[in-house]
Amino acid sequence: MVIRATAGLKEKQIFGEYGMKINSEKSSCFLIRCLDNFSFPLESVLLIRFADKIKPNQISFEDGETYIARKDIINIFTDGSKTEHVVGAAFCVLTNDIWAYQWSAELNDNNTVFQAELTALHEAVIYASHLPNHNTSNIHVDNRASIMASSNSKSTNETARKNFKILLSNPKIKVSWVKAHAGNIGNERADQLAKDATQHGKPYSHTKLPKPYIKGLLRKNMLEEWQTLWKNGDTGRKIYNIMPSVSLRPTNWIREDVIFFSQHGPFPAYLKRFHLSDNTCRTRMAEKGRQ
């Protein structure tokens with residue numbers, strides 16, 4: 001349960017004085033009794049709202065084919081597509097056997113097909129949320145993962161959380177899974193629109209780049225900078241002659257190899273350098289031998 005003040009009393013003040021998160025009706029009644037001690041009417045102070053949870057009938061993983069035949073429901077079909085280098089998203093609206101509206105867009109080349117599916121669903125729920133209140137709409141999605149993410153209030157995906165909030169505030173919007181490439185006329189149309197969007201769709205920049213791509217880009221830039229420093233450095237030149245390219249993969253050198261090639265070990269010049277030996281003669285001979 002979430003409790004929010006509406007008459008100048010901040011939410012943090014209430015939680016700080018009377019406890020933490022409220023999870024049961026009994027606890028909420030206790031909190032309300034405590035708040036009765038305030039000098040102003042409780043109904044003008046608080047707005048009590050039960051925990052964010054989409055109604056069970058809003059999400060269905062059964063094939064939504066049966067909804068299409070109903071004339072009292074506006075059917076919306078979504079799909080995402082990714083070719084070798086291009087990503088597209090689209091949805092179309094079927095009302096009384098008439099294609100009433102369609103939307104499509106081209107996403108960034110580095111977006112994933114999952115992001116395309118979520119984007120298409122996001123635009124579809126926005127469209128459905130602006131329909132008259134008496135209209136019930138059913139959004140048909142052929143990607144189970146995007147439905148599951150959009151029904152989770154704690155999803156790590158920002159677009160999925162936006163979808164959840166819209167669905168939560170619009171109980172007449174229903175989302176159902178539909179089998180892909182099974183002859184469903186709406187799904188096939190949305191699929192074609194998404195594919196066409198990869199060629200002729202308007203650019204869509206609201207979807208963020210995926211984290212794996214960003215991490216890969218940062219790693220690439222880091223390796224390039226590291227390679228430049230290693231190539232132009234003044235130290236470790238003997239190792240550079242052996243290993244001119246940097247890598248995040250460890251080299252399978254044994255301890256003796258590391259000591260020998262780095263000359264960081266029981267060598268006269270090394271011992272003299274760190275004042276671990278007073279044998280100047282041997283040190284000079286070693287340095288002359290290296291020359």
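## Close-up views of a predicted model

**View 1. Lys162 and its salt-bridge partner.** In this predicted model, Lys162 is partly exposed, at a relative accessible area of 40%. Its partner in a salt bridge is Glu158, and the closest N and O atoms of the two are 3.8 Å apart.

View 2. Lys208 is exposed, with 59% relative accessible area.

View 3. Now for Asp191 and Lys195, whose closest N and O atoms are 3.3 Å apart in a salt bridge. Both are in helix α7 (residues 185-200), four residues apart, which is about one turn of the helix. Asp191 is buried, at 8% relative accessible area, whereas Lys195 is partly exposed at 39%. The count of salt bridges in the model comes to three.

View 4. Have a look at helix α4 (residues 113-129), where His122 is found. His122 has a relative accessible area of 11%, so it counts as buried, the cut-off being under 20%. Setting aside neighbours within four places in sequence, the contacts of His122 are Thr159, Lys162, Asn163, Ile166 and Tyr204. Lys162 turns up here again, as a contact of His122 and as the salt-bridge partner of Glu158.

View 5. Arg161, Lys165, Lys211 and Lys215 make up a positive surface patch. Two helices, α6 (158-169) and α8 (211-232), each supply at least two residues of the patch. Lys215, one of the patch members, is placed in helix α8. With 60% relative accessibility, Lys215 counts as exposed.

**View 6. A nonpolar patch on the surface.** Leu209, Ile214 and Leu218 form this nonpolar patch, and together they have about 250 Å² of accessible area. Leu218 is a helix α8 residue, and helix α8 also supplies residues to the positive patch. At 56% relative accessibility, Leu218 counts as exposed.

**View 7. The whole protein, for context.** Stepping back, the fold has 12 helices and nine strands. Of its 291 residues, 35% count as buried. Among contacts with a separation of 6 or more, 64% are between residues 24 or more positions apart. The protein exposes about 19,000 Å², with carbon and sulfur atoms supplying 55% of that area.

Definitions and conventions:
Residues numbered from 1 in each chain as written. Predicted model: local features only at pLDDT ≥ 70, side-chain atom pairs only at ≥ 80, totals over all residues. Heavy atoms only, no water. Patch = residues over 30% accessible without salt bridge, like charges linked within 9 Å, V, L, I, M, F, W, Y side chains within 5 Å. Areas by Shrake-Rupley, 256 points an atom, 1.4 Å probe, with all protein chains shown as cover. Salt bridge = Lys/Arg side-chain N within 4 Å of Asp/Glu carboxyl O. Lys, Arg positive; Asp, Glu negative; His and termini not counted. Charge placed at Lys NZ, Arg CZ, Asp CG, Glu CD. Buried < 20%, exposed > 50% of the residue type's maximum accessible area, 1.4 Å probe, protein only. Contact = heavy atoms within 4.5 Å.
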